[in-house]
Amino acid sequence: DVLGSRGLGDVYKRQDLYHGHDQYTNFFEGWYFKIVDATATYALAFIPGISRSEDTRDHHSFIQVINLVNHSYHYYRYSIDDFYSNNRHLKINIGINEFSFNKIYVNLEQVHGILYLGSPTKWPDSKLNPGSMGIYNHLPFMECYSQVCAIDGDIEEGHLKINGQVIDFSNGKYYIEKNWGKSFPTSWIWVQSNNFENHRATVTCSLGIVPFPLIKEFRGFLIGVTVDHKFYPFTTMNNSKLNITVCDRDIILCATHDNLQLILKTKSKPEDFVECYGPKNGKMSPILEETLKGEVEMTLINTKKNLLIYHGIGKACGIEYGGDFSKLLDD
């Protein structure tokens, strides 16, 4: 599977778009825009979204800012009427702030500026398996849906003024994903980096406890790797196998699919994590911890040919933990 840069046509774009037009309570939707400068020194994440809890008086839109330039986190609350989504392509407005495949414009108390984005690299999909969640998007009872909107992308040019400090993000990297539904899983782990040496590789990895009729729950995972523009999926949907262990606050993950073996090892510092908000029945509350200063060592091997496809370190790695992630571990 060789990746394209423009996506797969209008029929498959819907997973990037807003899903909440007929959802009035117990619903959330949020888009995650991660940006890293060209030196992989400065990293931020902007999360525009909407929250509709059971209490209609608490309905609102928001922008979360995970600022690992100044090691801070801010939750900017807006009226529900300040939220706008384009119905044809990814473009979200919260007030005058704009988030799209073309640009990020923010005018917030601690951060303001504009970044112009190049074409995104998309997760390959099809009409039967839309978006990165594939066939699970067709199941109406899921509590949380996920979509990797851009595995990788270049920031063509732009600056942000962050607490008075002007930072040049030109020639940096961006990554976009989103979630929607009722609640985040009871436990989950997320790892992502597109800042490997020579920009040869990227990885995005999500795993969580998924409630499911009859079997109650299972451990689902969604891992996408690119090496030299070739895409390697390791997912629940394609019957990949997964083994995961934890050492302090870091993980060692081994996934296998056919003749491929993927090993991920994270490296982080406890003091680099910040507490962030996530949804429970549509209501936003502090339920997760995240850093953008981690590292991930990635090894991809073809075991049949005894061939090393890739080995490298991903910088400015996003690492996120939520709930009791011991449930995700192997016995």
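1. Let me start with strand 12 (residues 173–181), which is mostly covered: nine of its nine residues are buried. Buried here means under 20% relative accessible area, exposed means over 50%, and partly exposed is in between (1.4 Å probe, protein chains only). Helices (H or I, at least four residues) and strands (E, at least two) are DSSP runs, numbered from the N terminus. The model is a predicted one, where local features need pLDDT of at least 70 and side-chain atom pairs count only at pLDDT 80 or more, while totals for chains, interfaces and linings use all residues. Residues are numbered from 1 along each chain as its sequence is written, and side-chain values use heavy atoms, with hydrogens and water left out.

2. In a regular strand the side chains alternate between the two faces of the sheet. In strand 12, both faces are covered: one side has Lys 173, Tyr 175, Glu 177, Asn 179 and Gly 181, the other has Tyr 174, Ile 176, Lys 178 and Trp 180, and all are buried. The charged end of Lys 178 also sits over the ring of Trp 180, 4.5 Å from its centre. The rule for such a charge is that NZ of Lys or CZ of Arg is within 6 Å of the ring centre and within 35 degrees of the ring normal. Elsewhere, Arg 249 lies over the face of Phe 273, at 4.4 Å from the ring centre.

3. Which strands pair with strand 12? Strand 1 (residues 27–36) runs antiparallel to strand 12 and is joined to it by nine bridges, with Tyr 32 opposite Glu 177. Strand 10 (residues 144–162) is also antiparallel to strand 12, through eight bridges, and here Ala 150 stands opposite Ile 176. Two strands count as paired if DSSP finds at least two bridges between them.

4. On to the nonpolar cores, each a set of buried Ala, Val, Leu, Ile, Met, Phe, Trp, Tyr and Cys residues joined through side-chain atoms within 4.5 Å. The largest has 38 residues, and those with the most contacts inside it are Ile 35, Leu 44, Phe 46, Ile 104, Leu 160 and Phe 169. Among the elements that give two or more residues to this core are strand 1, strand 2 (43–52), strand 10 and strand 12. Strand 10 gives the most, with six residues. Not counting residues up to four places away in sequence, Ile 35 touches a set of residues including Leu 44, Phe 46, Ile 104, Leu 160, Phe 169 and Tyr 174. Contact means heavy atoms within 4.5 Å. Another core lies apart from it, with 31 residues, among them Phe 234, Leu 262, Leu 264 and Ile 319.

5. Leu 207 and Trp 188 are 19 residues apart in sequence and 5.5 Å apart in space, C-alpha to C-alpha. Leaving aside neighbours within four places in sequence, the contacts of Leu 207 include Trp 188, Phe 221, Leu 242, Ile 244 and Leu 328.

6. For the aromatic rings, the count comes to 17 pairs. Tyr 18 and Phe 27 form an edge-to-face pair, 6.4 Å centre to centre with 70 degrees between the planes, and both residues are buried. Phe 62 and Tyr 75 are stacked, at 5.3 Å and 25 degrees. That pair links distant parts of the chain, with Phe 62 in strand 3 (residues 60–67) and Tyr 75 in strand 4 (residues 72–78), 13 residues apart. Phe 62 is buried at 2% relative accessible area, whereas Tyr 75 is partly exposed at 22%. The rule takes rings of Phe, Tyr and Trp (its six-membered ring) with centres within 6.5 Å; planes under 30 degrees apart count as stacked, over 60 as edge-to-face and the rest as tilted.

7. How many disulfides are there? The count is zero, where a disulfide is a pair of cysteine sulfur atoms within 2.5 Å. For Cys 144, the nearest cysteine sulfur, that of Cys 149, is 13 Å away.

8. Finally, two backbone points. Asn 239 has a positive phi of about 60 degrees although it is not a glycine, and it lies in the loop between strand 16 (230–235) and strand 17 (241–247). Asp 258, also not a glycine, has a positive phi of about 55 degrees; its place is in the loop between strand 18 (250–257) and strand 19 (260–267).
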